[in-house]
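The sequence and structure are shown first.

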Amino acid sequence: MAEGCCASIIKILLFIFNFVFWVTGAVLLGVGIWLRVDQDVSRFVSGDLNMSWFYTACYVMIAAGAITMVTGFLGCCGAMKENKIMLMIFAGILGVLFLIELIAGILGVVYRDQVTEWTRSSFLEALGSGKIDAKSESFRDLVTVLQGEYSCCGLVNNTDWQNPCSQDTCLCTVANQYCRTYYPTPQSSCSIFRPCLFEFEIFLKKNIIVAGGVGLAIAFIQLVGIVFSVILIRNVGDGENIA
């Protein structure tokens, strides 16, 4: 068994670390499943806007959550039973996860503009060369909901609508720097929001940076867990493998 006061403290810290790690995995798994099956999300992702690439991120989140839960369970059992095999498997999986999340976090920040391009392509493909007015009722309703949620007007351009001034969700009720004056005719005008693509770009870039930062923070925490597990393994007697 592990010897010394420091080894006992590390054992307790490693157990607490892995319990939190397991809970984090459960949260990731739950959020991933929720985003995959939520009907409101499905309306945007798998509907007329053709943003099905979003589900790839959901599957990655589900897989990461499941692996994290298994890893946390191994770490908890290994720490409490002082089982060297479990601790070594835990440290190995944690090391792989550390490298993957470190790389994913860096790539997410470096290639955040690529996600914007995917969104732009999805919008352009869904809209085609016509106007929103000429699309199906479900498509028009979807765009209307999107405009209401993000305070925007049109998908790629304001002129995606035949007359943006006739759309209530396009109108700026309070003038600000994000509103622009639109002239449907030389004699009339209205104040409307920016296209939804601009709002999506801001939203995605902001959240990808946050996600990348969280990924790097988790990777650092995992590194601490690896150090704790290695110390505990070294303190466990060579002949001790308590089942």
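## Disulfides

Which handedness does the link of C152 and C196 have about the S-S bond? The link is right-handed, with 80° about that bond. The model is a predicted one, in which local features need pLDDT of at least 70 and side-chain atom pairs count only at pLDDT 80 or more, while totals for chains, interfaces and linings use all residues. Residues are numbered from 1 along each chain as its sequence is written, and side-chain values use heavy atoms, with hydrogens and water left out.

The whole structure contains four disulfides (a disulfide is a pair of cysteine sulfur atoms within 2.5 Å). In the pair C152 and C196, the S to S distance is 2.0 Å. C152 belongs to the loop between helix 6 and strand 1 and C196 to helix 7, so this pair ties together parts 44 residues apart in sequence. Helices (H or I, at least four residues) and strands (E, at least two) are DSSP runs numbered from the N terminus. C152 is buried at 0% relative accessible area, where buried means under 20%, exposed over 50% and partly exposed in between (1.4 Å probe, protein chains only).

C153 and C170 are also linked, with sulfur atoms 2.2 Å apart, and this link is right-handed at 85°. By contrast, the link of C172 and C179 is left-handed, with -105° about the S-S bond; its S to S distance is 2.1 Å.

C76 is buried at 12% relative accessibility, and C77 is buried at 18%.

## Strands and salt bridge

Strand 1 (residues 180–185) and strand 2 (residues 188–192) run antiparallel and are joined by four bridges; pairing requires at least two bridges found by DSSP. The two strands form a hairpin with two residues between them, and T181 stands opposite S191.

The structure holds one salt bridge (a side-chain nitrogen of Lys or Arg within 4 Å of a carboxyl oxygen of Asp or Glu). R194 and E199 form it, with their closest N and O atoms 3.1 Å apart. R194 is partly exposed at 21%, whereas E199 is buried at 16%.

## Nonpolar cores

A nonpolar core is a set of buried Ala, Val, Leu, Ile, Met, Phe, Trp, Tyr and Cys residues joined through side-chain atoms within 4.5 Å. The largest has 23 residues, and F123, I132 and L155 have the most contacts inside it. Helix 5 (112–127), helix 6 (137–150), strand 2 and helix 7 (196–235) each give two or more residues to this core. Another core, of 14 residues, lies apart from it and includes L74, F90, I226 and L232.
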